Every structure is written in C-alpha cells, then in structure tokens.
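Please open the model in your viewer and display both the cartoon and the side chains. The tour below moves from one selection to the next and describes what is found at each stop.

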Amino acid sequence: MATFLGINFFALFGQLLIGLINGSFYALLSLGLAIIFGLLRIINFAQGAMYMLGAFVALLGFKYMGMSYWVALFVVPVVVGLVGILIQRFLIRPIANEDHLYSLLLTFGLALMIQGMFTHWFGSSGQSYPVPDVLKGGMRLPFMYLPNYRAWIIVVSVLVCFSTWWMIEKTKLGVYLRAGTENPQLLQAFGINVPLIVTLTFGFGVGLAGFAGVMAAPVYSVSPDMGSNILIIVFAIVVIGGMGSIGGAILTGLGMGIVEGLTKYFYPEASATVIFLVMVIVLMIKPSGLFGKNT
Amino acid sequence: MRSRLAILILLGLALTAPLVIYPVFLAKVLCFALFACAFNLLLGFAGLLSFGHAVFLGTGGYVTGWLMINSGLTPEIAIITGTIAGGLLGAVFGKLAVKREGIYFAMVTLALAQLVFFLYLQAPFTGGEDGLQGVPRGKAFGLIDLADNQTMYYFVLAIFLVGFWLIHRTVHSPFGQIMKAIRENESRATSLGYDVNQYKWIAFIISAALSALAGSTKTLVFELASLTDVHWHMSGEVILMTLVGGVGTIIGPLVGAGVVVSMQNYLSGGELGNYLHIIMGAVFVLCVLSFRSGIVGQFNKFRRNNF
C-alpha cells in the first residue's frame with residue numbers, strides 16, 4: 001500500500017523530512033553568512049564554530065545551571081552574538097582595510113582554536129541533549145510518522161529566516177543595512193554610525209549560527225566537530241546560491257537539504273557528495289550562482 | 001654574488017644536516033617545504049587562495065602508494081605518475097575554480113577538496129580509514145635501495161631541489177611576470193590582452209602537480225598514504241606554513257614549513273600535544289593580526305632598512 005512504482009513512500013518521506021531538517025540548518029547558517037558578507041565583504045570561517053558553540057552553551061547551561069531549552073533559545077543566540085561582536089570589534093576591525101583574504105584566514109584560525117578548545121575540554125565524542133518535554137512524541141500522518149520536534153525545527157527555522165528577510169527588505173533598519181552594502185561611505189556621510197552597524201550585523205549573523213546550534217542540539221549529537229562538517233557543505237551552498245540575495249540564501253539552503261534527502265533515498269552512496277556535485281554543475285553553467293549577480 | 005654564496009651555504013647545510021638531525025624528520029620538512037612552495041606559487045605570485053590544496057598532496061600520495069604496493073614500478077616512475085595524477089586533478093579543479101575570485105575561489109576549492117575527501121573515504125583503492133599502509137620504498141632507478149633513511153633523505157633532497165628550481169624558473173619567467181601583473185591589477189592585465197583565466201588555470205595546474213609531487217614523496221618517506229593528507233586541516237596547515245614563512249617570498253614557505261613541522265613534532269611529543277590545534281589556531285590569528293609579511297618578509301624589510 002505504501003509503495004507505488006517501486007517507491008517506498010514511508011522511506012521516501014522519511015528521507016525528505018531529514019533533508020528538510022538539514023536544509024533548515026543550511027538555510028540558517030548560509031543566511032548568517034550572507035548577511036555578514038553583505039556588509040563586511042568577508043566570509044566568516046568561524047560560523048561553524050559559532051554553531052557548535054551555540055549547541056555547547058545550551059548543553060552546558062542545561063547540565064550545570066538547569067537552563068531549560070526555551071530559555072536557551074533566547075539566551076544562547078545573545079551569548080554567541082556577543083562573542084561575535086567581541087571578535088569583530090577587537091580582531092576583525094583592526095585588519096578591515098587589509099586584503100579580505102586576511103579576515104578569512106583570521107576567522108579560520110579562530111575556528112581552529114575554538115574547535116581545539118572544545119575537543120580538549122570535552123573530547124571528540126558526541127553528547128546528547130534532551131528533547132524538551134512539550135515537543136516529545138509525534139504525529140502519525142497517513143504517509144509518515146512525524147516527530148514533533150522535527151516539525152518544530154522546520155517551522156521555527158522558516159519563521160526565523162522569513163522574519164530576517166522581512167527585516168532586511170521591509171524595515172528602516174534593513175534600509176540602512178542595504179545602503180551600507182551598496183555604499184558605506186555615503187551612508188556614513190548621512191550621519192549613520194556605519195562601524196557600529198557593521199559590528200552589530202556581524203553579531204547578528206553569528207547569533208543566527210548560535211540559534212541554529214540550540215535548535216540542532218536535540219537532534220544531532222553535540223560534538224566539537226559538528227560545526228566544521230556542516231560549514232563546508234554550507235560553503236558549497238553559498239557558491240550554488242550566490243550571495244546576491246538574502247532570499248536566495250534561504251531558498252538554496254532548504255532546496256539543497258531536499259536534494260540531499262532525495263539522494264539518500266534514491267542513491268545513498270552519493271548523499272555525502274551530491275551538494276558538491278550540484279556546485280560543480282552550477283559553476284559550469286552559471287558561475288555567479290543561481291541568485292548571484294555577475295561580478 | 002651574495003645570493004650565490006647563500007645558496008651554496010644552504011646546500012652545504014642540507015647535505016650535512018642528516019649527520020646531526022634525524023633524516024626522516026628532515027625529509028618530512030622538505031616534503032612540506034615543497035608543498036608550501038607549490039602553494040605559495042598560487043597565493044604569493046598569482047594571488048589565489050586555495051583552501052583545498054591537501055587534495056593534491058593526498059592524491060599524489062595515494063597514486064604513488066597504490067603503484068608501489070600493486071605494481072612492480074620503480075619509485076621514481078610511481079612518483080612521476082602521482083605528480084601527473086595531481087596535475088590532471090588540478091586541471092579539472094582549476095578550470096572550475098578560476099571562474100570565481102577571491103573568497104569564492106577559496107570556498108570552491110575547499111568544497112571540491114571535500115568532495116574528493118568523501119570519494120576517497122569510500123573508494124576501494126584508498127583503504128578507507130586505514131589508508132595504504134606498508135608502502136615499500138623500493139629501489140630508485142632499480143639501483144639505489146631507499147630502505148635506508150639517510151639514502152631516502154638524499155633522494156628527497158634531490159626531488160625537492162628539482163621542484164624548487166621549477167618554481168624558481170616559473171616565477172622568474174615571462175609567465176611568472178604576467179602572473180604577478182594579474183595579481184597586482186587584473187583588469188589592466190585583461191586590457192593588455194592577456195587571457196587572465198588561462199594564466200590562472202596554468203598556475204593552478206603547476207601548483208597542483210608540484211603539491212602532488214610533495215605528497216608522492218611523502219608517502220615513500222613514511223611508507224603510508226592516509227586520509228589525513230586529504231583533510232581540510234592539511235589545507236589549513238599549508239596556508240599556515242606559507243603565512244608564517246612569508247607569502248610571496250621564494251624562501252619563505254621553506255622556512256615556514258621548517259617552523260611549523262618542528263613545532264608540531266615538539267608539541268606532539270610533549271604534554272602540550274592536546275593543545276596542538278589550539279596553538280596552531282592562535283599562531284594563525286597572531287600572524288594575520290600582526291605578522292602578515294612572515295619571517296622572511298620581516299627579515300627582508302629589516303635588511304632593506306638597515307643595510
């Protein structure tokens with residue numbers, strides 16, 4: 001009954017769901033990267049480390065201070081965002097006028113350090129974080145079983161992504177951001193404190209990664225290398241989408257999650273590599289990326 | 001004249017060093033020095049930051065290791081084959097990567113390298129997580145037995161010198177001059193009629209092939225080819241070596257490789273071994289913040305100002 005044309009729908013939808021969940025995280029992370037890139041023109045290599053940091057702060061807060069998931073959801077992004085603000089203010093800003101490749105190397109070094117510290121403190125094996133009580137259990141849909149927490153991830157990620165998009169495209173603050181992307185000198189001349197906006201933007205982009213880390217803690221195991229593994233995939237996604245638009249980053253993230261899920265069902269051997277292969281194809285056909293402008 | 005003298009002194013040091021220092025360690029330094037020099041050809045002279053160079057090091061190593069285990073070829077043929085394999089892979093990756101610039105170039109190379117990392121993880125000929133172990137060193141040209149570490153060192157030194165000379169020739173050729181022009185002002189180079197992407201592509205291939213040469217040689221030295229050499233950590237390490245030594249200087253990567261490899265050896269032996277990645281990351285951050293011209297770059301500045 002559950003199969004049609006040789007396709008097992010239970011398995012297929014199961015993989016699609018996992019794909020959508022991975023896609024939610026890809027979207028959150030590449031959205032953060034795109035926002036930071038827009039103003040600072042740098043790629044934050046430490047974005048994966050910040051995602052890992054978010055998961056660990058949630059885990060440690062729960063273990064040692066009894067911080068609940070719901071509190072973590074608000075506190076952790078702020079904590080991680082503050083770390084980002086400190087990094088931008090004291091490490092990235094001093095070299096902002098140098099070649100941007102140096103900022104890339106700086107954040108790479110930071111990522112190595114942060115990951116190294118957590119490996120040193122907690123070992124490289126994963127730890128688990130409990131699913132909050134309210135979201136335990138699941139729904140039995142006609143074609144699949146949907147665990148509540150997983151549905152929650154998808155809904156909340158899409159909401160957060162959409163509100164960020166709305167904030168940037170439709171609000172006054174977003175206008176400043178976009179103006180800063182186009183011409184920072186001119187914006188400064190209008191009396192806007194551009195360096196402050198740049199710092200806050202970095203903090204916000206990094207905070208999104210921290211938020212993704214909290215969301216991920218109950219479904220993936222919390223381990224020091226969780227960030228670097230996902231980050232390289234997110235880089236490929238950023239190349240696929242191009243960093244031209246915020247909406248593009250979100251859509252490509254979700255879309256690539258689904259592509260990955262489908263591959264897991266139809267040809268599991270290629271599931272680890274499919275996103276990179278898509279990147280190769282996009283580079284051959286439209287090098288500037290699906291949503292990218294020609295540079 | 002003075003630089004001739006310096007080269008002779010260095011060569012003399014290189015020839016006598018294994019009498020004092022463990023030859024396998026020296027051979028390791030030379031392999032990484034060649035790798036870093038090849039990487040620097042791309043970053044320092046063409047201005048392209050590749051974040052996936054480990055893939056060429058690893059590919060050379062796997063091809064050479066596989067040939068040494070499964071065929072009766074002599075080591076020099078195996079190394080040359082490994083080098084060519086790396087160059088071919090470089091041709092494919094380079095073609096894709098030069099379509100994007102700057103930060104995108106770094107991300108594309110990183111992603112392509114990760115793609116190959118997953119392929120090697122699953123492929124039957126790489127030995128997966130175990131890698132290729134017990135690679136025989138064989139007899140160079142069918143005559144010289146490389147089993148002895150000292151002999152192996154001199155073999156590596158010869159390869160290094162050939163590679164180093166090739167890089168030196170490339171940098172000082174008309175081709176190298178055009179590469180520098182592209183690095184300094186790409187649109188001007190384009191307007192002068194140079195096919196910029198074509199030049200970048202060729203530089204990428206040369207760099208990839210020489211990285212594979214380093215990897216092939218390294219596999220013979222350690223009798224091992226493993227996933228470590230393909231991992232992105234390795235791509236980061238070669239960047240660090242180049243940065244510490246001095247980006248865009250001829251001798252810098254050699255110095256950087258010496259410093260980083262010594263540091264790793266020293267740390268992994270002692271109680272600080274657990275801190276290896278933290279320390280490497282910290283060195284990265286410090287170099288970028290306040291030591292961007294590297295050891296050799298600083299030295300050159302000092303010499304220019306004082307002599």
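The stops that follow concern a predicted model.

**First stop: the contact between the chains**

Begin by selecting the residues of chain A and chain B that touch one another. Chain A contributes 33 residues to this contact, and chain B contributes 34 residues. On the side of chain A that touches chain B, the elements giving two or more residues are helix H4 (100-122), helix H9 (226-241) and helix H11 (274-285) of chain A. Which of these gives the most? H4(A) does, with 15 residues. Colouring this side of chain A by residue class shows 26 nonpolar, six polar and one charged residues.

**Second stop: annotated segments of chain A**

Next, select residues 12-35, 68-92, 104-123, 149-168, 189-218, 230-254 and 266-285 of chain A, which an unreviewed UniProt entry lists under "transmembrane region". Two of these segments may be viewed in turn. Residues 104-123 of chain A are 95% helix and 0% strand, with end C-alpha atoms 27 Å apart. Residues 189-218 of chain A are 80% helix and 0% strand, and here the end C-alpha atoms are 47 Å apart.

While chain A is displayed, move to helix H2 (residues 47-65) of chain A. This helix has 19 residues and reaches 26 Å from its first C-alpha to its last, close to the 27 Å expected at 1.5 Å a residue. Just after H2(A), select Gly66(A), where phi is positive, at about 65°.

Now turn to chain B. The unreviewed UniProt entry applies the annotation "transmembrane region" to residues 6-25, 32-57, 77-96, 103-123, 152-171, 238-263 and 275-295 of chain B. Select residues 32-57 of chain B: the span is 73% helix and 0% strand, and its end C-alpha atoms lie 10 Å apart. Then select residues 103-123 of chain B, which are 95% helix and 0% strand, with end C-alpha atoms 30 Å apart.

Two packed helices are described by the angle between their axes and the distance between the axes. Select helix H4 (residues 75-97) of chain B together with helix H9 (residues 196-222) of chain B; they pack at an angle of about 145°, with their axes 7 Å apart. The crossing of H4(B) past H9(B) is right-handed. The contact of H4(B) with H9(B) comprises 15 nonpolar, 11 polar and one charged residues.

From the end of H9(B), proceed to Glu223(B), which lies in the loop between H9 and strand E4 (224-225) of chain B. Phi of Glu223(B) is positive, near 55°, in a residue other than glycine. Glu223(B) counts as partly exposed because 16 other C-beta atoms lie within 10 Å.

Select helix H10 (residues 232-245) of chain B. How many of its 14 residues are buried? The number is 13, and H10(B) is thus mostly covered. H10(B) is followed by Gly246(B), which has a positive phi near 130°.

H10(B) and H11(B) pack at an angle of about 115°, with their axes 7 Å apart, and their crossing is right-handed. Among the residues that meet are Glu237(B), Leu240(B) and Met241(B) in H10(B), and Gly252(B), Pro253(B) and Leu254(B) in H11(B). By class, this contact of H10(B) with H11(B) has 10 nonpolar, four polar and one charged residues.

Is Gly252(B) buried or exposed? Gly252(B) is buried, because 27 other C-beta atoms lie within 10 Å and the cut-off for burial is 20 or more. Beyond its neighbours within four places in sequence, its contacts include Asn40(B), Thr242(B), Gly246(B), Gly294(B) and Ile295(B).

**Last stop: Phe141(B)**

Finally, select Phe141(B), in the loop between strand E2 (139-140) and strand E3 (144-145) of chain B. Phe141(B) has a positive phi of about 55° although it is not a glycine. Phe141(B) counts as exposed because it has 9 C-beta neighbours inside 10 Å, and the cut-off for exposure is 12 or fewer.

Terms used
Residues numbered from 1 in each chain as written. Chains lettered and ligands numbered in written order. Predicted model: local features only at pLDDT ≥ 70, side-chain atom pairs only at ≥ 80, totals over all residues. Contact = placed C-beta atoms within 7 Å. Helix = DSSP H or I, 4+ residues; strand = E, 2+ residues; numbered from the N terminus. Nonpolar A, V, L, I, M, F, W, Y, C, P; charged D, E, K, R; others polar. UniProt positions renumbered as here; feature names shortened; annotations may be inferred. Expected span 1.5 Å × (residues − 1). Axes fitted to C-alpha atoms, helices over the stretch in contact; angles between N-to-C directions. Left-handed = near helix turned anticlockwise from the far one by under 90°.
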